[in-house]
Amino acid sequence: MMKSGIENILSVIREGTGNYKQALSLHEPFFTNSEIEYVTECIRSGWVSSVGSFVEAFSDSLQKYTRSQFAIPVVNGTAALQTCYYVAGIQSNDEVLMPALTFVATANALAVLGGVPHFVDVEQVTLGIDPEKLECYLHDISEVTSLGLVNKHTQRTIKALVVMHTFGHPSSVHRLKTICEKFGIFLIEDACEALGSWYDRQHLGTFGHLAALSFNGNKIITTGGGGAILTQDKKLAERVEHITKTAKQPHPWAFYHDEIGFNYRMPNINAALGLAQMEKIDFLLQKKRILAARYEEAFSNINSVKFIKEPSNAISNYWLNTIQLSDELVSYREILLERAHSQSIQLRPVWNPLHQLPMYKNCPRMDLSMTEFLSMRLINLPSSVGLIQ
Ligand SMILES: *Cc1c(COP(=O)(O)O)cnc(C)c1O
């Protein structure tokens, strides 16, 4: 019975994509001539590296699209996150609250600064941090002091909360922001999966003090490798600009650096690719919504699987379409993945929760029962724009 159930799911995936023959990869970039033209123009100009007009144009297009005050392109999403943590003043031994159900970079970018990830649980509807559970937990374990929020168990300062918008679905960001204000901590958004997603008509990444975007090859738009930092605060934007450009004081010839800095500038050649991608973002998002609607329809008759939809009040970019397996199907997860791969359908299980990885297993955390429940059940479906003709 289960075996036919699994074959049924695979044929529903084929039906959703309208593609019965070809390999279905998880997420491929989508290019037309404009990418080739802009990159060629960039090479011909000679300005392929850290200075050039495409970086500025790309930054402008991000800023306009997201309606963010500032958008600063950098080398990748991980570097963007690290810069957010750094300019938020997070130092060695500071704790930062973050979901356990996220990509490992959310924690890595903090750990390299000596910060300590403090894992919190997610909610079923948004797949992001559960605001109610978080608030109860903070009342329990923390204390607002003149030095900031202190974890009563570890005596360390809790500096920030990182909200991650899973697979492009908006987290309960309004409620989480209120909690940050109440407890006096920074709000940082890991919006690496969320370009093109909105909550109450406001673009994700513009709710927090700082946010990170990613333009890796598998994201909604790509610059090859790349990322950006969004902020609404002029002072923070200036800090980000300074610190990502080796902390060099502007001068026509002299090299004077006034503090330790990173070299995280996005090269012009990557920005050329990114500008061409931004010019077609509405088209890409439209195709992604069509694909999501087809999956939703195709899965509506399958009881053993739930298709994950955008939360209410929100528009998701549907970066990676996702299903949740029923209790009955969980023990067949490996068989499902094996069968899919043997038919060239690239399914991917959600990440291992971070508290289960060796380097983070001793980090502070709350009860993570929803994270653990979902981690066994969520499966990403082939989501390339190219699947929709
Ligand atoms: C992709 C991603 C990152 C890292 O971005 P890179 O550009 O690959 O460094 C960080 N966090 C999340 C949630 C991501 O999906």
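Predicted model: local features only at pLDDT ≥ 70, side-chain atom pairs only at ≥ 80, totals over all residues.
Asp-367 is partly exposed, with 46% relative accessible area.

**Exercise 1.** Find the salt-bridge partner of Asp-367 and say where the two residues sit.

*Solution.* Step 1: look at the side chain of Asp-367, which meets that of Lys-133 in a salt bridge with an N to O distance of 2.7 Å. Lys-133 belongs to helix H6 (residues 131–141), while Asp-367 lies in the loop between strand E15 (348–349) and helix H13 (369–375). The two are 234 residues apart, so this pair links distant parts of the chain. Step 3: widen the view. Asp-121 joins Lys-133 and Asp-367 in a network of salt bridges.

**Exercise 2.** Decide whether Lys-133 is buried, partly exposed or exposed.

*Solution.* Step 1: recall that buried means under 20% and exposed means over 50%. Step 2: Lys-133 has 24% relative accessibility, so it counts as partly exposed.

**Exercise 3.** Describe the salt bridge between Lys-309 and Glu-296.

*Solution.* Step 1: their side chains meet at 3.6 Å, N to O. Step 2: Lys-309 is in the loop between strand E12 (305–307) and strand E13 (314–315), and Glu-296 is in helix H10 (residues 281–299), 13 residues apart. Step 3: Lys-309 is partly exposed at 46% relative accessibility, and Glu-296 is partly exposed at 31%.

**Exercise 4.** How many salt bridges does a search of the whole structure find?

*Solution.* The search finds 15. Among them is the one between Lys-245 and Glu-241, at 2.5 Å, N to O.

How values were computed
Residues numbered from 1 in each chain as written. Heavy atoms only, no water. Salt bridge = Lys/Arg side-chain N within 4 Å of Asp/Glu carboxyl O. Helix = DSSP H or I, 4+ residues; strand = E, 2+ residues; numbered from the N terminus. Buried < 20%, exposed > 50% of the residue type's maximum accessible area, 1.4 Å probe, protein only.
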